[in-house]
Amino acid sequence: MEFTSLKQQYDLLRNDIKAGIQRVLDHGQYIMGPEVAQLEAQLAEYCGARHCITVSSGTEALLISLMALGVQPGDEVITTPFSFIATAEAIVLAGARPVFVDVERATGNLDPARVGRRIGARTRAIMPVSLYGQPADMDAINDIARRHGLAVIEDGAQSFGASYPGQTGGQRSGNLSTIGCTSFFPSKPLGCYGDGGAIFTSDDELARAMREIRIHGQAERYRHTRVGVGGRMDTLQCAVVLAKLPTFDDEIAARRRVAAAYDRCFGSRVETLGGGEASAWAQYTIVPPRRQPVQAALTAAGIPSVVHYPQPIHLQPAYLRYDDVSCPVAELLAGRVLSLPMGPHLGQADVARVAATVLAALDA
């Protein structure tokens, strides 16, 4: 059993993926070829945002977004300590200081009730992460941001395909705030075969700035109007995502069926983190009282599992100097969470086997 099976997906989409790659090889426009604009148009329509800007990675999407907002040294950006390091990393790379706010116990997402206490004179933006496939409480976060004149950047690297049924009217992740970012890392719900990412916004001026920043701040050939980066998503990777996009909603529906099957097996005996019908279910994550015996039992049974994430960002050695803060909920979850095999092609028998192994370990 694999934690995430990319090979099964490729076997089903082999002909479309090969055809898309071959078209790029035939026209030879490996950088900013026609597939880039095609993918951006289709992704913008999918999310409902006015603009999509493809970039070289999810991390670069966050960095370019901060640069487009004019975030600079001395500024502060509020974010979660319970996420992959790239969220805080982008803030630091932009020259700003990450300000960590603890997370909700039930979801692991940024806790809006705590955000207001950490907003100060230097705060420029709020960057929530849509953890494990489920958006944070974006209505509450957006309301706080409006009251304080702040931008919101959704780090949706794990949640592309998720929807949000709040005041936003059922919009999709990526189009829930000022800016939405995602990653096309291969294991994400919608992935390419290397690195890639995208930024979504309905702000025309921000979109123009982002398009210039991703090509070294270039407004037109050899005319550089701002400081930028080399942040383009290459044409071959765009072709791969284009081939996957037509079946993406079916895969999200399949992920939700797998999650529902896990839920039925576990009932009320196993605590899970986040989830819900609208989640993209990038991961299926449980919170056992003690992680080590459960993970050991899974390993002994030949079942892979992963800890996302074993140490909160505010306790990582490279980030201790930025914010001396206690985040007890994030610290508790980091010591207990365990992600189980998840994917659209995971069979019901496999789900039952994983669940039975977890339950037996808890009963031992």
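A word on the model: it is predicted, so local features need pLDDT of at least 70 and side-chain atom pairs pLDDT 80 or more, while totals for chains, interfaces and linings use all residues. Numbering starts from 1 along each chain, and side-chain values use heavy atoms, without hydrogens or water.

Helices (H or I, at least four residues) and strands (E, at least two) are DSSP runs numbered from the N terminus. Among the buried residues of helix 9 are F248, I252 and Y262; buried means under 20% relative accessible area with a 1.4 Å probe, protein chains only. Their cover includes helix 1 (6-27) and helix 12 (348-363). Just after helix 9, G267 has a positive phi of about 55°.

Now look at T54 in strand 1 (residues 51-55). T54 is buried, because its relative accessible area is 0%. Its contacts (heavy atoms within 4.5 Å) include V36, G197 and C238, leaving out residues up to four places away in sequence.

| Helix 3 with helix 7 | Value |
|---|---|
| Packing angle | about 125° |
| Distance between axes | 9 Å |

In helix 3, I64, S65, M67 and A68 meet L206, A209, M210 and I213 of helix 7.

Definitions and conventions:
Buried < 20%, exposed > 50% of the residue type's maximum accessible area, 1.4 Å probe, protein only. Axes fitted to C-alpha atoms, helices over the stretch in contact; angles between N-to-C directions.
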